[in-house]
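Trainee: I would like to learn how to read a pocket and its lining. Then show me how to read one residue in its surroundings.

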Amino acid sequence: IPYASADLRNKWLTREDRISIAEKILEEHKDEKFRVKGIADVTHYIPQEYIKQAEEILRHTVNGKHLDYLAIPVGTGRAYLAFYYALNNLKIKGFKMNTKLIGIVPKGENPIFNRFVFARKNGDGIEYTITNYHPSSKADKLSCPNTDLMPELELAIADGHYFIAIGNEIVVDANNFAFKRGREYSKDKNLNNPLELEDSASVGFSLVYKDIAEAAGINK
């Protein structure tokens, strides 16, 4: 059920809230003879296909070696955790790899580094309000006030993986770098159209800048 409301800018919906909304809407349409056996909240669900594709990427080698680092744009963290789970799966399967994941978020607009959601009493219950969240990053798909996946993301940090936050200036620089390299690559490969990335996808190229790389633990 697609659901849109102006309140979503001010209020964080828990899993229970989201299911409650779905139940309410279904109740309003019960005369339309819906047959509902159950409701599954998949807002922050990580499909197994994500993990499978992540394993394929992580198995890839360069000059016979697995990747030292993998840059991943992070919004709610679904793609990042798909790689984290895939990496752990491969280690269990016997793959010798020390790949470090580097999650990249817009500065001041992601719950990895900033808290925006606060609990407060509302009548007999608790609601979660979004406070001081004013996204303006060009990497807008990575801006979010909260995520249900935070416990798993914190586990990845404890396991030695990284997150860095970049400002708009670096977002723009990374996109320009990606655009330039994309045109060069396309020309070398005789591709008809130059490879281009939107800002939210090109943030990984921020790691070509020394100070950003060092902040992510890359010294070489």
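Mentor: Start with residue classes. Ala, Val, Leu, Ile, Met, Phe, Trp, Tyr, Cys and Pro count as nonpolar; Asp, Glu, Lys and Arg count as charged; the others, Gly among them, are polar. This is a predicted model: local features need pLDDT of at least 70, side-chain atom pairs need 80 or more, and totals for chains, interfaces and linings use all residues. Numbering runs from 1 along each chain as its sequence is written, and side-chain values use heavy atoms, without hydrogens and water.

Trainee: How do the residues lining the second largest pocket divide by class?

Mentor: A pocket is an open set of points on a 1 Å grid over the protein atoms alone, where a 1.4 Å probe fits, with protein on both sides within 12 Å along at least five of seven lines; lining residues have an atom within 4 Å of a point. Here the lining has 10 nonpolar residues, no polar and no charged ones. Among them are Ile57, Tyr69, Phe83 and Leu207.

Trainee: Which element supplies the largest share of that lining?

Mentor: Strands are DSSP runs of E, at least two residues, numbered from the N terminus. β4 gives five residues, the largest share.

Trainee: Is Asn110 buried or exposed?

Mentor: Buried means under 20% relative accessible area (1.4 Å probe, protein chains only). Asn110 is buried, at 2%. Its place is the loop between β5 (100-106) and β6 (117-122).

Trainee: What does the side chain of Asn110 reach at 3.1 Å?

Mentor: The backbone nitrogen of Ile112. A polar atom of the Asn110 side chain also lies 3.0 Å from the backbone oxygen of Gly75.

Terms used:
Helix = DSSP H or I, 4+ residues; strand = E, 2+ residues; numbered from the N terminus. Buried < 20%, exposed > 50% of the residue type's maximum accessible area, 1.4 Å probe, protein only. Polar contact = N/O pair within 3.5 Å; in protein donor to acceptor, adjacent residues only side chain to side chain.
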